[in-house]
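Subject: Handing over a structure, with notes

Dear colleague,

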Amino acid sequence: MSITPLMPVYPRCGVRPVRGEHCHLIDEDGTRYLDFAAGIAVNLLGHSHPGLIGAIQTQAATLMHVSNLYGSPQGEALAQRLVDLTFADTVFFTNSGAEAVECAIKTARAYHQSAGNHEKFELITFNNAFHGRTMATISASNQEKMHKGFSPLLAGFRYVEFNDLEGAKAAMTPQTAGFLVEPIQGEGGIRTGTEDFLRGLRRLADANDLMLVLDEVQCGMARTGTLFFHEQVGIEPDIMAIAKGIGGGFPLGACLATEEAARGMTFGTHGSTYGGNPLAMAAGMAVLDAVANDAFLAEVRDKGERIRARLEQFIGNYPELFEGIRGKGLMLGLKMKLEPRPFMQHLRDNHRLLTVAAGDQTLRILPPLIVGDAEIDEFFDKLSAGAADYDPAKA
Ligand SMILES: *Cc1c(COP(=O)(O)O)cnc(C)c1O
């Protein structure tokens, strides 16, 4: 037998973390890495946040799981908190981002079909999007590398160029149910949706009774310096999928919707065995306690601006490597002139700095939101040293 016990779907690297401390990961052999990947925008509070640990420990010792057949004081409390903080009137909890997007897709279809409009099932989505790895969420992306071997895809998605409002308008048909879009594409290369584009989608949705569905799984939860990125654009969605940061490392996602948008999601239409279990709710509440306040968000914006300014200065020294800086707050991308993966590996293996490669030749910089000045200095020390001794020919 040559297959590994862990199904070999990930090309895993040699870093094997066993412990985390604040913004650092510690390997099996004791090597310390500066973690500016944060579990891919998950560990908002770093790796040993006392508030998050305490909340999970206390809840684990009290009640971990009960079925959604019973009342959920913990779920009601976290849902109410999210409703108070956002456009939404109602929340469905999931265990992951893909499940949150899956629920968002079902909610958008059911909005129309519950009103008798059975022909409206198609969502317009955008090139190089990433919405997860379930059948529906790979079908929602035009990326063929995610489709290969898994046909037939789920019907009902139409792909248009990102940031192309005219293209989105032209793709509308009597089957269109709405738009599904990441307001900042994460895996696609930290590509920010323009105000014209995102506001335009909102206007098209309003004018044609369509659902605007935002996937803020990566860019949401304080990552960009507001609780959700769409606040910076001055629009509100009808439906929104969130996950990643909301559990701070505990598996948790959610689909948020207005009352109108959720009109098709009635008794028996959807469910999840684990979704919204008390342990996940305790983690989500602890994360919101830490991040959902003006002082914390202002700090994220401030740190984001300082890192960005230093990055701008830094890339000027290496015009052969870097083209520019992308993103908002602490969701930053270094657009490179070469493939980012070998450079990411060089930073990891030779300088003990963790970042994440993304599409469109972009290196993602996603520190824990609690990153301090000392770690920011350490990041620039490692990044500068890494750029100085990088030899693409040897990588
Ligand atoms: C990561 C991600 C997902 C999928 O989340 P999982 O928890 O891996 O299922 C969906 N959408 C976006 C934008 C993401 O970044």
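Predicted model: local features only at pLDDT ≥ 70, side-chain atom pairs only at ≥ 80, totals over all residues.

Residues are numbered from 1 along each chain as its sequence is written, and side-chain values use heavy atoms, with hydrogens and water left out.

I begin with the ligand. Its surroundings are made up of Ser96, Gly97, Ala98, Phe130, His131, Gly132, Glu182, Asp215, Val217, Gln218 and Lys244, where a residue counts as near if one of its heavy atoms lies within 4 Å of the molecule. Three of these residues also have polar atoms to look at, a polar contact being a pair of N or O atoms within 3.5 Å; within protein, one must be able to donate a hydrogen and the other to accept it, and residues adjacent in sequence count only if both atoms are side-chain atoms. An oxygen atom of the ligand lies 2.7 Å from a backbone N or O atom of Ala98, and a polar backbone atom of Phe130 is 3.2 Å from a nitrogen atom of the ligand. In the side chain of Asp215, an N or O atom is 2.7 Å from a nitrogen atom of the ligand.

Next come the sheets, whose strands (E, at least two residues), like the helices (H or I, at least four), are DSSP runs numbered from the N terminus; two strands pair if DSSP finds at least two bridges between them. Strand E3 (residues 32-35) and E15 run parallel and are joined by two bridges, and Asp35 stands opposite Leu354 in E15.

Another open sheet of four strands is antiparallel, in the order E13-E14-E17-E16. Its edges are strand E13 (322-328) and strand E16 (356-358), each with a single partner strand, so one side of each has no neighbour in the sheet. Strand E14 (residues 331-336) pairs with strand E17 (residues 362-365) in the antiparallel sense over four bridges, and Leu332 stands opposite Ile365 in E17. E16 and E17 run antiparallel and are joined by three bridges, with Leu363 in E17 as the bridge partner of Ala357. These two strands form a hairpin with three residues between them, and Asp360 in the turn has a positive phi of about 55°.

In a regular strand the side chains alternate between the two faces of the sheet.

How accessible is Leu334? Leu334, whose place is in strand E14, is buried, with a relative accessible area of 0%. Leaving aside its neighbours within four places in sequence, its contacts (heavy atoms within 4.5 Å) include Ile315, Phe322, Thr362, Leu363 and Leu383.

The 14 residues of helix H8 (residues 195-208) should span 20 Å at 1.5 Å a residue, and its end C-alpha atoms are 20 Å apart, which agrees; the expected span is 1.5 Å times one less than the number of residues. Its buried residues, among them Phe197, Leu198 and Leu201, pack against elements including helix H7 (165-170) and strand E10 (211-215). After H8 comes Asp209, whose phi is positive, near 55°. Helix H10 (residues 278-291) is mostly covered, with twelve of its 14 residues buried, and the cover includes helix H2 (50-62), helix H3 (73-85), strand E4 (90-94) and helix H11 (294-315).

With best wishes

Conventions:
Buried < 20%, exposed > 50% of the residue type's maximum accessible area, 1.4 Å probe, protein only.
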